[in-house]
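Me: I've got a protein model open and I'd like to go through it bit by bit. Can you help me read it?

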Amino acid sequence: MENEVDWNSKRYAESQAPIVEEILKTASDHRHILEERTEEIIANEDLFRSLAPHMNYPRILMDKFLLHIDEADRFRVRMHRFKSKNQNGGALEKVHSHKWDCSTVLMSGAYTERQFEITDVDEERRTCRVVPLLEHTLEAGQMNSLPMGRAHQVINPSDDEACITLFVRGPSRQPHARIYEPESGMFYDTFGPDRQTKLGLRHIGRVDPDFH
């Protein structure tokens, strides 16, 4: 992906996503590559320590395992496990948007993705309208791409089967992601782990429980 993809393209979905999806499909068809990489990470302590801070496991909804970071951090390769309803207790992912473009291929299981258009944004009042745009269910072998800023929500509809995906994200092209609350019409921004933790510390130090 270092040479085949223009990670600076502002038309990722139209011009670059098909290239990334084809690379992901090839990897998914040769699963031994993924197993060899995960075993390499486990065996190499320095490599593990460099990647581990970017992994999130265990989580309620989706476990995140990082396999590779490009030297210039233009892209990152991850594997995700979207937990079944029995595993996540029926919790639902919040509607959100990302600060980077991304593509994925489903390795096992299935998920339903809802996409939304965000309109009438008032940055000062932190309000907007969240308008349903698309809903589709994807199964193993199918691919999906999402441009930066497109709000979405991913749901594993299965009671028992987790969904595993191979995923690539591009470079961060804005300072934050965003969480939307369709019922109230409110939204708030989220940041990287360090900045988010500092934000939480500031509120907790003020004995202020109203923070995300």
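Me: Is Tyr-111 buried or exposed?

Reply: Keep in mind that this is a predicted model. The cut-off for buried is under 20% relative accessible area. Tyr-111 comes in at 4% relative accessibility, so Tyr-111 counts as buried.

Me: What kind of aromatic pair do Phe-82 and Tyr-111 form?

Reply: Phe-82 sits in strand S2 and Tyr-111 in strand S5, 29 residues apart, so the pair links distant parts of the chain. Their rings are 5.4 Å centre to centre, with 65° between the planes. Planes over 60 degrees apart get their own label, and that makes this pair edge-to-face.

Me: And what about the rings of Tyr-57 and Phe-65, what is that pair called?

Reply: Tyr-57 is exposed, with a relative accessible area of 53%, while Phe-65 is partly exposed at 31%. Their ring centres are 5.3 Å apart and the planes meet at 40°. Stacked needs under 30 degrees and edge-to-face needs over 60, so this pair is tilted.

Me: How far from Lys-99 is the nearest side chain of opposite charge?

Reply: Lys-99 is in the loop between strand S3 and strand S4. Lys-99 is buried yet has no salt bridge. A salt bridge would need a distance within 4 Å, but the nearest side chain of opposite charge, Asp-73, is away by 9.0 Å.

Key
Residues numbered from 1 in each chain as written. Predicted model: local features only at pLDDT ≥ 70, side-chain atom pairs only at ≥ 80, totals over all residues. Heavy atoms only, no water. Helix = DSSP H or I, 4+ residues; strand = E, 2+ residues; numbered from the N terminus. Buried < 20%, exposed > 50% of the residue type's maximum accessible area, 1.4 Å probe, protein only. Lys, Arg positive; Asp, Glu negative; His and termini not counted. Phe/Tyr/Trp six-rings, centres within 6.5 Å; stacked < 30°, edge-to-face > 60°.
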